[in-house]
Amino acid sequence: MRLNLLLAGAAIAVIATTPARSAPDPAQESQLRGHVTFLADDALRGREAGTPDYDVAAAYVAAQMLAIGLEPAGADGNWYQPVPLVTASAAAEPEMTLTRGGTATPLAFGTDFTLRAVAGPERVQVSAPVVFAGYGISDPAIGRDDYAGLDVRGKIVAILYSGPKGLNSEISAHLGSRADRAVTAGRKGAAGILYLMTSQIEGAYPFDQMKRAWQSRAMAWANADGTPRDLGAPALGVVSFAGADKLFGAKRWAAIRAADDAGKPLPHRGPLDAAIATDQRFTVERTTSPNVVGRIPGSDPSLAAEAVVLTAHLDHVGTRATGEGDRISNGAMDNAIGIAAMLEVARTLRASPTPPRRSILVVAVTAEEKGLIGSDYFARFPTIARDRIVANVNLDMPILTYRFQDLVAYGADRSSIGAAVDRAARAGGFALVPDPDPGQASFVRTDHYSFVRQGVPSVSLEPGPGGAGQAATKLFLDEHYHQVSDDMKQPFDWTAASAFVRVNADIALDLANGDARPTWKKGDYFGLLYGGPGAK
């Protein structure tokens, strides 16, 4: 009953008037709290993409867009863009055997290796020699090819899970993308990939935590014929430090790990005197999950066909399969607050006395937690002409439990968006600071990266480390991230949330009103890599 009442209330929300910039905005703070309260309710069971629980959340967002005064901008003139999905989950514990010198040794699941499933076939059987290919990177732009001189056709490639040190943090995060490296390995003819744990990954996502999630559903968007998009060489597993000792031999593995820790060239690249055989079975299903798309029409006839896209991910990780007590991961901070903030940005822009010159697309994307799937699908197949998208502003898991003093703006300094971000931050009284924790690879773990990959200048903001920020961020990541405790018991600071809304609204309005569309900085790595405007 509570759920029905909340849905009914969503359709009659009152549009707030635009507040004075420096004044508290109790009405907006109340709206923010209401959105998060609904989306993080136990009744939605963690909003996992592809479930009826997510669909209820999508209906709520569509109702809010209607109440704010947006136009439907999904497929066929409605609020939704259906994303066809292929899902896969492990049907049983996988088996893996290491053979060296004619001696076969079973590797222990959960100790020597674990599984990070990908959406692929129902059964993966591979038996092949292993080749160590360093980080598994092949990138002419930086003059690096870890496959140089290696023949990996029909073989299993073992690569370090993290990317190399010593590069720009955003480029390093991009080069460390498992998805991209799997595609590279597939193009080289590899039969499969083993990812080797590193100290960097152990610090961000420990093996013990990873192995507890081995039955999580993997997803990919599907092609028109229902097959998953090209995911490259199949991911066969993640090898622990103990497993790598067995695969390489303790002495060789110690040298590789020490070199990685020190940021030095990796030794022992090439064929190993070992082979791996594995048999893995998956339960594969097909479903759909919608992106929700609304539009604020532009007011300038010469620019209205262009659009600035606002994004935030609506999904979370659902429920734990086992365990006692509370098993619902509500996702209040991740990312109910991001959706709430995006809706209030849209409300602010819609209520502005001067409408934006360009149109604004407001997109709640699905399946971010499964690998930026909903945003990737929208960026590749947008509901308007793709060349009409001029910029993306993304709102993902802002930790809003404190009065932030500064902001981290991922990607802002790579394009002319940076100037708009700087103006908005200054107007709000906030400094812009560099990424305080590059090891988290946040640049490639947020939905703006999907637009970067399509050549669109993009930015994703989060509150920074100043003041109480460093401690608040560490507390959330250590104790609440993807946990059942990420719920309305979190000590949200709704005034800080309202300030976050205002900064993002200012950025979006600045980009929508500029005479020229945003461009990449000349020579920028990502602008050149993905053919973005202005990069050459």
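Is D487 buried or exposed? Select D487 and see. With a relative accessible area of 12%, D487 is buried, because anything under 20% falls in that class. Keep in mind throughout that this is a predicted model.

**Stop 1**

K489 is exposed, at a relative accessible area of 73%. So a buried D487 pairs here with an exposed K489.

Now select E48, R217 and K370. Salt bridges with shared partners link E48, R217 and K370 into one network. In total, the structure holds 26 salt bridges. Side chains of opposite charge can pair when their charged atoms come close.

**Stop 2: a pair inside helix 14**

Go to helix 14, residues 469-479. Select D478 and K474. What joins D478 and K474? A salt bridge does, and its closest N and O atoms are 2.5 Å apart. The two residues are about one helical turn from each other, because they sit four residues apart in helix 14. D478 and K474 are both exposed.

**Stop 3: D151 and R153**

Next, select D151 and R153. Here is another salt bridge between side chains, at 3.0 Å from N to O. D151 counts as partly exposed, with 39% relative accessibility. R153 is exposed, and its relative accessible area is 60%.

**Stop 4: two helices side by side**

Show helix 3, residues 52-68, together with helix 10, residues 332-350. Look along the pair. Their axes come within 10 Å and cross at roughly 15°. Helix 3 is therefore roughly parallel to helix 10, since angles under 35 degrees count that way. The crossing of helix 3 past helix 10 is right-handed.

Which residues make the contact? On helix 3, select V61, Q64, M65 and I68. On helix 10, select I339, L343, A346, R347 and R350. Show the side chains. By class, this contact of helix 3 with helix 10 has six nonpolar residues, one polar residue and two charged residues.

**Stop 5**

The peptide bond running from D334 to N335 is cis, and its omega is near 5°. Most residues other than glycine have a negative phi, and most peptide bonds are trans.

**Stop 5: A367**

Where is A367? Find the loop between strand 15 (359-365) and helix 11 (373-380), and A367 is there. Check the backbone. A367 is not a glycine, yet its phi is positive, near 55°. A367 is also buried, at 0% relative accessibility.

**Stop 6: H482**

Finish in the loop between helix 14 and helix 15 (494-513), where H482 is found. Select H482. Its phi is positive too, about 60°, although H482 is not a glycine. What is the relative accessibility of H482? The value is 25%, so H482 counts as partly exposed.

**Before you close the viewer**

Show A367 and H482 together. A367 is buried, whereas H482 is partly exposed.

Notes:
Residues numbered from 1 in each chain as written. Predicted model: local features only at pLDDT ≥ 70, side-chain atom pairs only at ≥ 80, totals over all residues. Heavy atoms only, no water. Axes fitted to C-alpha atoms, helices over the stretch in contact; angles between N-to-C directions. Parallel < 35°, antiparallel > 145°, perpendicular 65-115°, else oblique. Left-handed = near helix turned anticlockwise from the far one by under 90°. Contact = heavy atoms within 4.5 Å. Nonpolar A, V, L, I, M, F, W, Y, C, P; charged D, E, K, R; others polar. Salt bridge = Lys/Arg side-chain N within 4 Å of Asp/Glu carboxyl O. Buried < 20%, exposed > 50% of the residue type's maximum accessible area, 1.4 Å probe, protein only.
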